[in-house]
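The sequence and the structure come first.

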Amino acid sequence: RVGFIGANGSGKTTLLRLLVGELEPDSGDVNRGTRLQVAYFDQQRDQLDPERTVAESVADSDTVLVNGEPRHVLGYLADFLFPRERAISPVKSLSGGELNRLLLARLFAKPANVLVMDEPTNDLDIETLELLEELIDGFDGTVLLVTHDRVFLDNVATSTLAFEAGGRVVESVGGYEDYLRQQATATRQPDAGDG
């Protein structure tokens, strides 16, 4: 589970889009594995039809396959905090937080071995953040994640790519706090007695 951190405009989203094939590189090559099944969470939310219901946006029938197991779509949506009346409402009636929960429900209902998530924590309440952490923790595959939520990153990331000034990218093990500790250790000056 790799977290991408850095200032706005540093290239995090661009790198994700290159990796999933939404963008072609100006130069060089991007080599992707042959058996990748990528599920992409896009912060732009342009993948939802506003006229469809929440349930129709997740499945074309009453059931949805989740980790290979059939589930009733309304029960599955209840896991994402959509009571029945909201699950049968049109997408256009949803708040920003509800739209994000719907995108997450769609994402985790797709067969995938790679999750690519660009700012998934925007507009999420605490309960949904906790649900997302559980879903990521239980996901059996690779997760690539752009977020400015440092606590969330600490809770889910096993490694971090930090996009620093001058186009430098630094890899560290763990989340944001681990990155800070590793950077402090790397920049610490040796003591005068160290020879």
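## Helix α1

In this predicted model, the buried residues of helix α1 (residues 12-20) are Lys12, Leu16 and Leu18; buried means under 20% relative accessible area, exposed over 50% and partly exposed in between, with a 1.4 Å probe and protein chains only. They cover an arc of only 160° around the axis, which puts them on the same side of α1. The arc is taken over the directions from the helix axis to the C-beta atoms. Helices (H or I, at least four residues) and strands (E, at least two) are DSSP runs, numbered from the N terminus.

The cover over the buried residues of α1 includes β1, β5, β6 and β7, where contact means heavy atoms within 4.5 Å. Gly21 follows α1 and has a positive phi, near 90°.

## Basis of the values

The model is predicted: local features need pLDDT of at least 70 and side-chain atom pairs count only at pLDDT 80 or more, while totals for chains, interfaces and linings use all residues. Residues are numbered from 1 along each chain as its sequence is written, and side-chain values use heavy atoms, with hydrogens and water left out.

## The sheet

Six strands form an open sheet in the order β2-β5-β6-β1-β7-β8, with mixed pairing; two strands pair if DSSP finds at least two bridges between them. β2 (38-41) and β8 are the edge strands, each pairing on one side only. From one strand to the next, the twist averages 15°. Axes are lines fitted to C-alpha atoms, for helices over the stretch in contact, and angles run from 0 to 180 degrees between N-to-C directions. Helix α5 (residues 96-108) packs on the sheet and touches β2 and β5, and its direction makes about 175° with that of β2.

β1 and β7 pair in the parallel sense over five bridges. Within this pairing, Ile5 has Ala162 in β7 as its bridge partner.

## Strand β6 and its neighbours

Four of the five residues of strand β6 (residues 142-146) are buried, so β6 is largely enclosed by the rest of the structure. β1 and β6 run parallel and are joined by three bridges, with Gly3 opposite Leu145 in β6.

Strand β5 (residues 114-118) also pairs with β6 in the parallel sense, over five bridges, and Asp118 stands opposite Val146 in β6. Between β5 and β6 the chain passes through helix α6 (residues 126-138), a β-α-β crossover that is right-handed. Right-handed here means that, with the strands pointing away from the viewer, the path from the first strand over the helix to the second runs clockwise.

## Helix α8

At 1.5 Å a residue, the 12 residues of helix α8 (residues 176-187) should span 16 Å, and the end C-alpha atoms are 17 Å apart, which agrees. The expected span is 1.5 Å times one less than the number of residues of the helix.

Tyr176, Tyr179 and Gln183 are the buried residues of α8. Seen down the axis of α8, they fall within an arc of 55°, so they line one face of the helix. Among the elements covering them are β1 (2-6), α7 (150-156), β7 (159-163) and β8 (169-173).

## The whole chain

The chain has eight helices and eight strands. Of its 195 residues, 41% count as buried. Residues 24 or more positions apart account for 59% of the contacts with a separation of 6 or more. Taken along the principal axes, the C-alpha atoms fill a box of roughly 70 × 40 × 30 Å.
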